[in-house]
Structure formats: structure tokens, C-alpha cells
Amino acid sequence: MTEQENLVSNTRKLAQLIVDSKFQIDELNVAKKCFVDYLASAYVSRNEPAVKRLFDTLKNAGPAKLLGQAGTASSDHAALFNGFAAHYNDFDDVQANFRGHPSVVIYSALLALADGTESADRFFEAYIVGVEIAGQIGFQVNPTHKLSGYHTTATLGTIAAAASLPFFKRFSLGQTIDILSFAATQAAGLGIEAGTDTKPMHAGLAAQRAVQSYQFVSSQLTTNQDVFNNQTGWVKIVVGQELDLDLIESTWLTPAQIITPGIWFKRHQFCSAAMSGYDAIKQGYLQGINIKNIKQVIFHFRPFGDKVLRYKQPLNGQEGKFSIEYIAWQILTFGDVNDELFDSSVSTEKFQEMSYLFKRVNDLKNIAVDQREILVEFVRTDKSINTIYIDWPQGSPQNPLTMDEIYVKLAHALSIDENELFDILTAGLTSKSVAGLLNIIARI
């Protein structure tokens, strides 16, 4: 093998895995659940001022539907808008190895290019491919990549969404290599943007870059063929380590990343890193603990387990999505969180007055990457102490939401009768072609 052939081998192997992928029925079922959850995440944000402003900016006479809006746009603008809208309220699903949000990037890219004639199974299989790429590479580069300050939904998400498209559109091996190269060279995004409109824009940009990569390849533009080599490739440059393709080959879809470590689904509009803390605080409240009888609440995380919960003193509700303190204050004060209090226009002044009650420590042992463990210590005013430990919160793969619960999540987002929605979804999800899926969007 020549030196150049050796450089190309990683990318070629990865592309070959994509082209040759085969799937199981349980993987397709999870992909369908993710699709319904994706719609719920997009439609719940349809009236947000920032979403409306972006719609006014991007709408045009293109062929692609803009979710939740009476308008269309070009394919790349639709991918941008739908990714932004679906991630705007942080209501969307998460994958542990990826450490990012798969559906908002992958489904936004797939929908932008779907013309309705494609096989519905092929659509969902393409989604599984995207999750597999994100999870496989994410397993090797995280937590280093995430903790270094990148927003993985923007970086790995761009590559994942792009990887789904050549499978969906039945690209050749060479075209698949090209689209991976175009995507990797564009993959970027900083985690510091959490709590601003730029964070959801990352999801939109990732989906748009994937669609544009598809368009560039369709235009027969050339790429460098060694984008994942271990000397000058994406992983080496961005993360500073080598990509183990032998490991990826030996574990590809066995089990699929969509199954293990699986997908996390949310019940509320805040960062998934707070899901275990939410469950623990809610349990405490149900046991009689509240803002009036608490002297201190101590959150015990593993090292860096709270890094993405970057705001201990959020200045508005949008920053509060990334604050376990703000979430806990809501539950202990009102009995639960109110998703309306996570809006950027909401002042946190009342929380600030009580923020002295909350403290974080990072003293738990490191455990499996797919767990989000927390121990919450409640010190009451009567000096008694209660502790609650959570490792698999509701919505995690080990404590999952059912498809019916995801249906209800979408029904609430749409304010639609649940029985009517059930009929629409059943017809669409059992359709043989993508036209049935597009019909769901047309009818809701």
C-alpha cells in the first residue's frame, strides 16, 4: 500500500461501512420515536419570537417545508430553519456517546432533501446511520472534545447529518467520501454559546452544512480524500488523537448506537445534564421538602459532570436551561418547573434572592459515560438531612419514555386532540414512502 492509499484508508473504510449498512426492526422503531419527538421539539417553538424572525429572513419560494410555519424555503435554508427551531427550546433528544442532539441535525437535513418518492424505511435507516457515525466517533473523542469547549451538536452533528444523506440518496462510495470531507471541513461550534440563540443556531447550521455538502458533491466539486486520516485529518487536528477505525469496524451497528447507549428523551425544556437532578429534586419535593424548610441543597456530581450546566447564577430564563440551581428553585417553590420560565425575556430576580441555598461539589466517582448520576443532599432548617441518588432519570434509555408518551408530547406542543393526532401519526409512520411522513407535517 502506498503512503497516499494509507492516508485514504480511514475515510474509505468509514464510507464503506455507511454504504453497506444493514438494520434491525428495533432500530427502526426507535428512529420513528425520535422522528415524532423531533416534530414535538420543532412545533413547540413555532411561536418563539426568534423563530419567527428567522422564518421571515429565510422563507422563499423553495421546495422544502419550514416546520410550524406557513411557508417554504430552499433546501439549505429549510435545514437551517428546522434545525434551529427544533433545538430552540432544548426539548430535543440526546445521545450519550455523541454528547449532542442527533434528531435536530439529522432529520432536518433529511427532510430538506426528501421529495416524497423515497422509501420510508430508507429515510429512517439513514437516520440510524447518522446516529451511528455521531456515536462511534463521539465514543472515541469524548469527553475530551466536549470538555475542551466545542458544542458537539455543531461539530459531530455536521458530520453525522452529512453521513446520513449519501445513504438516503444512494450515493456511490466515492460520493460518500466526498460528502464526509465537505462536512468535516465545515464542522465547528463553541459550547460557550449555551444560553443564547447561537446554540440552537448551531443545530441549524450543522444541518445546513450537511445539505450544502450534498449539493457540492452533486455539483461534482472535488475534495481531499483523507479527511479522517490519522496524520492531518479532522480528529487529529480538532481533538489531537487518532481515530481507531478497527474499533469502529468491529462494533458498527453491533449493537447500533441508537440502541446502546441509546437515545434520551426529555419531558421539559432544559439541558439533559439536569435530568437526573430534576428527578431527585422532584422526589424531594414530593417527600415534603420545599423552599420554606430548606437550609441548603448540595448537588454532588462526578468530576466535570456539571460542566455544561454552566450557569450557577443565570440572568434570564434562557440561561436557566443550563442551571441546576434555577431548575431546583422552581421545583421547590412551585412544585415543578414551568417551561415558560425558560424564556429569554424572563427575569431571574426572585431566584437570585434564594440562590445562596444551592451548592455544587464534584465528589462522585466517574461511572459509565451514558449515565448522568447525581446525589442531592437536602439540609433542612430543622437540621435533618435527606439524600436522593439518581443515575437513570425518566427519559433515559434505562428508564424510557414510551411512544405513547412521545405522542402526548407532540399533542401538547400542537394543542391538538390526542386521538386525532394518533390517527395522523399512525397513517404516516406505517406508510411505505416518505410521502406519508411529509403528509404528517402537512396535516399538523
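The accessible surface of the chain comes to about 17,200 Å² (Shrake-Rupley method with a 1.4 Å probe), and carbon and sulfur atoms hold 50% of that surface. This is a predicted model, in which local features need pLDDT of at least 70 and side-chain atom pairs count only at pLDDT 80 or more, while totals for chains, interfaces and linings use all residues. Residues are numbered from 1 along each chain as its sequence is written, and side-chain values use heavy atoms, leaving out hydrogens and water.

Turning to the interior, 60% of the 444 residues count as buried, meaning under 20% relative accessible area with a 1.4 Å probe, protein chains only. The C-alpha atoms fill a box of roughly 70 × 50 × 40 Å along the principal axes.

How many disulfides does the structure have? A search of the whole structure finds 0, where a disulfide is a pair of cysteine sulfur atoms within 2.5 Å. The table shows why for two cysteines.

| Cysteine | Closest cysteine sulfur | Relative accessible area |
|---|---|---|
| Cys 34 | 18 Å, in Cys 271 | 0% |
| Cys 271 | 18 Å, in Cys 34 | 9% |

The 18 Å between the sulfurs of Cys 34 and Cys 271 is too far for a bond. Cys 34 is buried, and Cys 271 counts as buried too.

Key:
Buried < 20%, exposed > 50% of the residue type's maximum accessible area, 1.4 Å probe, protein only.
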